[in-house]
Amino acid sequence: MASSSSAAPPRRLAVMTSGGDSAGMNAAVRAVVKMAIFRGCEAFVIREGWEGLVRGNHSPDGTPITTPALSRNNSGFFDSLDPRGRVDQQFGGAAQHGEAVAATAAAAAASTTVEGQFVPTYGEGEALREGVGEAQELGLRGRYIIRVGWDDVRGWMDQGGTLIGTARCKEFRTVEGREKAAYNLIVNGIDALAVCGGDGSLTGADRLRAEWPDLVASLLQKGRITDEQATRYAHLNIVGLVGSIDNDMATTDITIGASTALQRICESIDSISSTAASHSRAFVVEVMGRHCGWLAVMAGIATGADYIFIPEQPPQRGDHWSSEMCDVLRRHRELGKRKSIVIIAEGAHDRDLNEIKPEMVKDVLTHELGLDTRVTTLGHTQRGGKPDANDRILATLQGVEAVNAVLEATPETPSYVIGMTENKVTRIPLMHAVEQTQRVAAEIEAKNFDAALALRDPEFEEGLRAFKIISQITEANRLPADQRLRIGIIHIGAPAGGMNAATRTMVRYCLDRGHEPVVIYNGFNGLLEDNVSVLSWLRVDNWATRGGSELGVNRNLPDIDLGAVAAKFQQHRIEALLMIGGFEAFMSVKILDDNRERYPAFRMPIVALPATISNNVPMNEFSLGSDTSLNALVDACDAVKQSASASRNRVFVVETQGGRCGYIAVAGALAAGAVLVYTPEQGIGLQQLGKDVEFLKKRFALDVKGKSEGRLVIRNEKSSEVFTTEVITKILKEEGASLFDSRSASLGHTLQGGTPSPLDRIRATRLALKCCQFLEAKALESRRRTRRQQPGGSKADADGAAAYSDDTAVMITIQGAKICFATVKEMAKHADMKNRRAKKAWWHDLKALVELMGGRTGLGNL
Ligand code: ATP
C-alpha cells in the first residue's frame with residue numbers, strides 16, 4: 001500500500017465503549033485500533049464512554065488540553081510517538097513513572113506508522129490495562145481521549161469487560177452535553193468515531209449524528225472553534241458496533257457479548273440441572289433481558305428447560321399467566337421428569353403488562369404443583385468475563401468493518417451500525433437500526449406482541465417455535481394416522497458437539513407429529529445388526545447438553561454392503577432418513593443417491609445435517625461441533641499463551657486437528673490472537689517459512705526489553721508432510737537465537753470438546769427441526785404420489801414415483817444469510833473429494849486477517 005502523502009494530515013479515529021459492558025468489547029477495541037493504524041490513521045480511545053467524551057482532556061488545574069498532531073518525517077513515517085513522555089511533560093511528573101517511562105521511550109525510538117505498515121508503539125495501553133484506578137496513578141487522571149499504539153492493545157482479546165471503561169452519562173442526554181462532546185472531538189482533531197454499546201449508546205450516537213451541523217454552528221458562533229475547524233469537521237463520521245449481552249438490537253442477528261453471556265447462563269443452568277434432578281426440585285432462573293427475551297429463549301433451547309417467560313410473547317393460553325406453565329410442567333412430571341427448570345427474562349410480564357417475577361413463579365409452582373422450588377438470579381455473572389471464541393471473532397470482524405465503513409463515509413452516505421445476518425457482516429443505517437429497535441419496545445408497550453416478535457431476527461422467532469415444539473407435549477400438532485411416518489436417524493463419522501441435541505429435537509418433533517423416531521445405533525454397522533429402536537420423549541430429555549454421540553458413530557459408509565443396507569431399511573420400514581455427520585454423511589447420502597436406480601429402498605427422502613469439528617463440508621459455512629471445538633481450541637490457546645507470556649520471549653507452535661481443512665486452525669488463530677497460521681489449503685513452503693521467521697525476529701526485536709510477550713503460531717496437522725510441527729518448532733528455536741525460543745503443543749482429540757457449546761446446541765435444534773419438516777413434507781408428497789399411481793399402475797411404477805428426484809437427497813447448509821437444502825449432486829461439484837473439503841470456503845480470507853492482526857502483513861512489508 002502506498003504511503004500517505006506527508007502533506008495530508010492523518011485521520012484520527014477514536015473508539016469508545018458505552019452502556020453496560022459486554023464480553024468482546026476489548027476485542028472490538030483491539031480490532032478498531034489495529035485496523036485504524038493499519039489504514040494509516042492515528043488511533044485514539046475514549047475512556048468511560050460518552051462521559052469521557054463530554055469531559056475531554058484537562059490538566060490537573062482544570063485547563064483543557066488537546067492532542068498535538070504528529071508530524072511526518074522525510075520518509076513519510078510519523079515522528080516518534082511517546083504519549084506518556086509527552087503527558088509527563090505536561091504534568092511535570094516524568095520522574096515518578098521511572099522505569100515505565102524509560103521503557104516507553106525505548107519503544108518510541110522505533111515508533112512509526114505508515115499506511116499499510118506499522119511499527120509497534122506503546123502509548124498508554126498499559127495504564128488502561130491495569131484498570132481505571134491504576135490508570136489514574138499512571139497519569140491518565142483528567143484525560144479521557146488518549147492516543148494509543150499498536151502494542152497497547154496486545155493481549156486485549158481474551159479480557160472480559162472493557163479496559164477503556166464505560167459509564168452511563170446523564171449529561172450526554174442533553175444538547176449541552178452533546179455540544180461538549182462535539183467540542184472535544186473537534187479540538188482533539190478526531191474525525192471518525194466508532195461507538196461500541198447497546199441500543200441506548202447507539203441512540204446517543206444517532207442523536208449526535210443528527211444534531212452535528214447545529215452543534216458545529218453553535219460552537220462556531222460561540223467562538224469555541226475556528227472557521228477552519230468548522231469546515232474541516234462539518235460532517236461527523238460515526239459508526240456503531242453493537243456491544244450488548246441482551247442481543248436486543250433489531251436488524252442484527254447477534255450482538256457482541258451475547259454469545260458469551262449465553263455461555264455463562266448455560267453453564268449455570270447445566271449445574272443447577274444436576275442438583276434439581278438429584279432432589280427432584282424445580283428451579284426458577286432469572287436471566288437478563290429487560291426488553292428482549294433472546295437470552296431466555298436460547299438458554300431454554302440449549303439447556304432443555306421446561307418453560308420460559310419473555311417480554312415479546314407473554315403466555316397466551318388460559319385465564320392466568322401461570323396456567324400454561326402449570327400444564328406443561330405437570331405433564332412433564334407425569335412422564336417421570338425429576339427436575340423442572342423455568343427461565344424468566346427480567347422484563348417478563350403478562351398480556352396486560354403486569355410484571356411476572358421469579359418469586360411469583362416460585363409461589364405458583366410450590367402451591368399449585370407442590371414442587372420444592374428455588375429461585376436463582378444469575379445477575380452480573382452473565383456479563384460474561386472472558387469472551388468466548390464467537391464473540392472474539394464477531395468483534396474482530398465487526399471492528400475491521402467499522403473502520404472500513406467510517407473511513408469510506410462521505411457526507412452523502414448514512415452513518416452505519418455494523419451488524420450480522422447469519423454469517424455475513426452487514427452495514428445497516430444507524431437511524432434505521434435505532435428506529436427498529438425502539439419500535440420493538442413500543443409494540444410491546446402497545447401490547448402488539450406478534451408485531452414485536454416479527455421485528456426480531458428470524459432466528460429468534462424460529463428459536464421460540466422450536467422451543468415450544470421440543471418442550472411441550474400436545475395433541476394439537478399430531479397428524480392423522482394415515483400421514484404418520486417412520487423416520488430414521490443415524491450418526492456417521494466422528495463425534496461432534498450438537499449431535500445429541502439434534503437427535504433430541506428429531507425425536508421430539510416426530511412424537512409431536514405422531515411419527516415414529518427410529519434411531520439406528522453405531523452407524524451402518526448397527527443397522528446391519530438390527531441395532532435399532534424407537535426412542536421416547538423422556539429418554540432424550542438430557543441429550544441437549546451431552547457431548548459425543550449417544551447413538552454411537554463409526555466411519556463406515558453404506559457401501560460396506562449396499563444390498564444389505566437396502567434390505568434393512570425395508571425391514572425397519574424407514575420412510576425418511578436424517579443422517580448426522582461430516583464429510584462421511586455427505587458421502588453416504590451421495591452413495592445412496594447414486595444407487596437409487598438399483599435399490600428402491602434408497603428412494604426415500606434423505607437429509608444430512610453437517611456435524612464435524614473440521615467444518616469441511618462443501619457449500620456449508622458451519623457444521624455442528626465446530627463452535628464447540630473452536631472454544632476448546634481457544635481455551636487451550638489462552639492457557640498456552642499465558643505460559644508463553646510468562647516466559648516473556650517464547651513462541652508456541654500449536655497443532656490442531658481438522659484433517660485437510662484449515663478452518664479450525666484459521667478461526668482459532670483469529671480468536672486466540674495468533675500471529676501466524678498454517679493450513680493444508682496453502683501448505684508450507686520454504687520461502688514462506690523463511691519470511692515468517694524473519695517477521696518473528698523483527699517482531700521480537702521491536703518489543704520493549706523485558707516487556708515481550710509470548711506469541712502463538714497455529715498449525716493444522718496436515719499442513720505439510722515435511723514442515724511438521726516439530727520441525728517448525730526446531731527451526732524457530734534455532735533462528736530465534738537470543739530473541740526467542742519455541743515450544744510445541746498438540747491439542748489432538750481435546751478439540752472434540754466436552755460439553756457442546758450453547759451455539760452448537762441451538763444450531764442443532766434449529767437445523768434438525770428444519771430437516772424433520774423437510775423430510776415430512778417430501779415423504780408425504782411422495783406417499784400421495786404413490787397412492788395416486790397405485791390403482792392402475794404396477795408396483796414398479798409406484799416405486800419409481802416414490803421420492804426419486806435430486807431434491808430428496810440433500811444436505812442442510814448455512815450459506816451466507818440463508819439456510820438451504822443443497823442436493824448432493826450439486827455439493828459434489830463444489831467438493832474436493834481427494835482432500836475431503838470444499839473447493840472454496842468463506843473463511844479462506846480470514847488467514848489474511850490473522851496476519852494483519854498479528855502484524856505479519858505490516859512488518860512483512862517493511
Ligand atoms: P445496555 O444494553 O447494556 O443497557 P446501552 O448502551 O443500551 O447498554 P444505556 O444506559 O441505555 O446503555 O445508554 C448508555 C448511554 O448512552 C447513556 O448513559 C447515555 O449517555 C447515552 N444515551 C442513551 N440513550 C440516549 C438518548 N436517547 N439520547 C442521548 N444519549 C443517550
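Reply: Leaving aside neighbours within four places in sequence, Asp 246 is in contact with Met 288, Gly 289, Cys 292, Trp 294 and Leu 295, where contact requires C-beta atoms, placed from the backbone, to lie within 7 Å. This is a predicted model, in which local features need pLDDT of at least 70 and side-chain atom pairs count only at pLDDT 80 or more, while totals for chains, interfaces and linings use all residues. Residues are numbered from 1 along each chain as its sequence is written.

An unreviewed UniProt entry lists Asp 246 under "active site", an annotation that may be inferred rather than shown by experiment. Asp 246 counts as buried because 26 other C-beta atoms lie within 10 Å, the term asking for 20 or more. Asp 246 sits in the loop between strand 7 (237-242) and helix 10; helices (H or I, at least four residues) and strands (E, at least two) are DSSP runs.

By an assignment that is automatic or from a database, domain 2 spans 258-382, and domain 3 comprises 474-623, 756-785 and 806-845. The centres of these two, taken over C-alpha atoms, are 31 Å apart, and their contact draws 13 residues from domain 2 and 12 residues from domain 3. On the side of domain 2 that touches domain 3, helix 10 (258-279) and helix 11 (294-303) are the elements giving two or more residues, with helix 10 supplying the largest share, five residues.

Conventions:
Two residues are in contact if their C-beta atoms, placed from the backbone, lie within 7 Å. A residue is buried if 20 or more other C-beta atoms lie within 10 Å of its own, exposed if 12 or fewer, and partly exposed in between; C-beta atoms are placed from the backbone.
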